[in-house]
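Here's a quick tour of one model, written for someone who likes cut-offs spelled out. Have a look at the structure first, then read on.

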Amino acid sequence: MAETLVLYYSATNTTKKIAEQVAQKLNADIVEIHPAQPYTAADLNWHDESSRTTVEQHEHNSRVDIKDDLPDITNYDNIVIGHPIWWAIPPRMISTVIDHLDLNGKNLALFATSSGTNYKRSQSYVERTIDENGYDTKVNQGAILNNPRQIDGWIDSLNFK
Ligand SMILES: Cc1cc2nc3c(=O)[nH]c(=O)nc-3n(C[C@H](O)[C@H](O)[C@H](O)COP(=O)(O)O)c2cc1C
């Protein structure tokens with residue numbers, strides 16, 4: 001049977017709750033990703049133009065170090081990555097995660113939670129990061145998932161093994 005892994009980052013637990021439901025519905029393993037340097041409440045203040053997240057998200061092609069605890073994904077066919085939307089795109093650490101995982105031959109799908117922004121810019125961003133790494137990866141259409149109905153619809157759309 002195909003094996004699926006859900007990796008997620010969640011600063012304030014919204015994505016965490018959705019990730020747990022996605023993993024349960026996909027019968028997948030689930031692993032939380034952490035930044036090397038945790039984000040404080042002040043770091044997460046998007047009304048402050050000099051806060052850590054505002055600076056990171058506006059720095060083109062920047063990367064944020066992750067804690068060195070990514071799982072071995074060799075035995076998984078399908079990789080799902082969940083994250084919040086920050087300034088219309090994934091947190092920069094999601095690019096670091098993509099850089100570090102060998103996604104060759106995998107089916108990849110990303111989802112996010114947000115307070116209104118759709119997944120369009122995030123999808124382009126993720127596809128560009130996959131291209132930059134030269135991975136041969138099937139990237140499914142990502143989605144914002146805020147409730148069980150959206151989760152079910154998105155899971156039905158996935159082209160997983
Ligand atoms: C730094 C920062 C930037 C954000 N930027 C956006 C945004 O551009 N669009 C949006 O709809 N929500 C934005 N949000 C709201 C989050 O995407 C939303 O609250 C999300 O569900 C948080 O997920 P989490 O609890 O898993 O961290 C932002 C939140 C933060 C902290």
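Trp-87 sits in the loop between S3 and H3, and Ala-88 lies in that loop between S3 and H3 too. Element names come from DSSP runs, numbered from the N terminus: helices are H or I with at least four residues, strands are E with at least two. Bear in mind that this is a predicted model, where local features need pLDDT of at least 70, side-chain atom pairs count only at pLDDT 80 or more, and totals for chains, interfaces and linings use all residues. Residues are numbered from 1 along each chain as its sequence is written.

Burial here goes by C-beta atoms placed from the backbone: 20 or more others within 10 Å means buried, 12 or fewer means exposed, and in between is partly exposed.

Now for the ligand. Which residues come nearest to it? Ser-10, Thr-12, Thr-14, Thr-15 and Pro-84 do, out of 20 residues around the ligand (a residue is near if its C-beta atom, placed from the backbone, lies within 6 Å). Helix H1, residues 14–26, gives the most to this shell, with three residues. By type, the shell has eight nonpolar residues, 11 polar and one charged; nonpolar means Ala, Val, Leu, Ile, Met, Phe, Trp, Tyr, Cys and Pro, charged means Asp, Glu, Lys and Arg, and the others, Gly among them, are polar.

H1 also holds Glu-20, which is partly exposed because 15 other C-beta atoms lie within 10 Å. Glu-20 and Asn-146 are 126 residues apart in sequence, with their C-alpha atoms 13 Å apart in space.

On to the inside. The largest nonpolar core has 36 residues, and Val-6, Leu-7, Val-22, Ile-79, Ile-81 and Val-97 have the most contacts inside it. Such a core is a set of buried Ala, Val, Leu, Ile, Met, Phe, Trp, Tyr and Cys residues joined through C-beta atoms within 7 Å. Two or more core residues come from each of strand S1 (4–8), H1, strand S3 (78–84), helix H3 (92–100) and strand S4 (107–113). In soluble globular proteins, nonpolar side chains tend to be buried together.
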